[in-house]
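I opened this structure to look up a few contacts. My notes follow.

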Amino acid sequence: MEKTHLLWAGKTEMPSGWQTQMHSDTFFHLFYLRKGNTLLVGHHAEYPLLPGDLMIFPPDAPHGTDQSNLGLGLFYELKFHVFDSDLLELFESGAPLWVQNVPQLNLVLERIVSLHYSDHPNKTDLIDTLLSAFLYLIDHRSIESLDSAYFDTDNYSPLIKKTIKYLEVHYSDPYDLSALSSALGFNKSYLCSQFQKETGVVISTCLHYMRIRRVLSTLYMNRGNVNFNINAASQYAGFGSSSYFNRIFKKLTGLTPGQFLEAARESSNNPDEPLIQYYRDHIKDSENADRKVTVLNALKKLNRLGEHYSPPASPE
């Protein structure tokens, strides 16, 4: 299964005085400055790039360029989709990714561009491998902190914080309570009892929440990809069975995966689409520190997602 899919790649240039209007895409848009200098503009910030700097704008992230006071900028530029849940986690906040002074990425991007225009029989697989490895390479996340990516865990004990962090790191692995309790050094019965006592939910439900969150993010970010495979997204998130995935998705959200993807695609033409508006406001952005809630309250927000779904009007 593809972790990524390259739409276009090339060497581009931005001459002095070059300006592009702010816009957003339905795909990931990567800029790597090879020579010169460039000012990329986001919705809330400006990004002055020097040679060796990398900028990736995820779907829906507004961006443009302003070369009015700068010279020529030479780039590697890529447009691509991402299917892998771990890679999508890099961009879950919806914010652009700016990595400075990474000259070692130049050779990888040069190879990707070269393959894109080649007749190599396995170029799709090779590009997927290189692009996935490239994205993993620039992932500077640390898993040493006990801070949760999703929840406000301030009032939980260190054991429960460690349990949640373990689940976040291993969410796509087969669920093994024995391995979890062994890694944390506690008896299974005690761990399960303490987790439910402090969070109000059982461990497996917390894990299901994390997996469904990953799938929702994958569906949303691939709403512009007409060839997107929902079952592949579920497998990346750790669901081995499509029927089991569909059942858990429906149980936690009140929707089918197809209904959510349908609404996400509709939102490209209608930014006020109510289900996606609720998703953006109450689920997608909940990893921001000032918007995190407890495990139980996060689950309640997810449970209310389906209340905002409106079936498409039947053709007359």
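I started at Arg213: a polar atom of its side chain lies 3.4 Å from the backbone oxygen of Ile283. I count a polar contact as a pair of N or O atoms within 3.5 Å; within protein, one must be able to donate a hydrogen and the other to accept it, and residues adjacent in sequence count only if both atoms are side-chain atoms. Arg213 belongs to helix α7 (residues 203-221). Arg213 is buried, at a relative accessible area of 0%. Buried is under 20%, exposed over 50%, partly exposed in between (1.4 Å probe, protein chains only).

Notes on the source: this is a predicted model, where local features need pLDDT of at least 70, side-chain atom pairs count only at pLDDT 80 or more, and totals for chains, interfaces and linings use all residues. Residues are numbered from 1 along each chain as its sequence is written, and side-chain values use heavy atoms, with hydrogens and water left out.

Next I looked up Pro48, in strand β5 (residues 46-49). Helices (H or I, at least four residues) and strands (E, at least two) are DSSP runs, numbered from the N terminus. Pro48 is partly exposed, with a relative accessible area of 46%. Which residues does Pro48 contact, leaving aside its neighbours within four places in sequence? I found Thr38, Leu39, Asp53 and Trp98. Contact means heavy atoms within 4.5 Å. Thr38 is ten residues from Pro48 in sequence, yet 5.9 Å away in space, C-alpha to C-alpha.

Last, I checked two helices. In α5, Leu177, Ser178, Leu180, Ser181 and Leu184 meet Lys188, Leu191 and Cys192 of α6.
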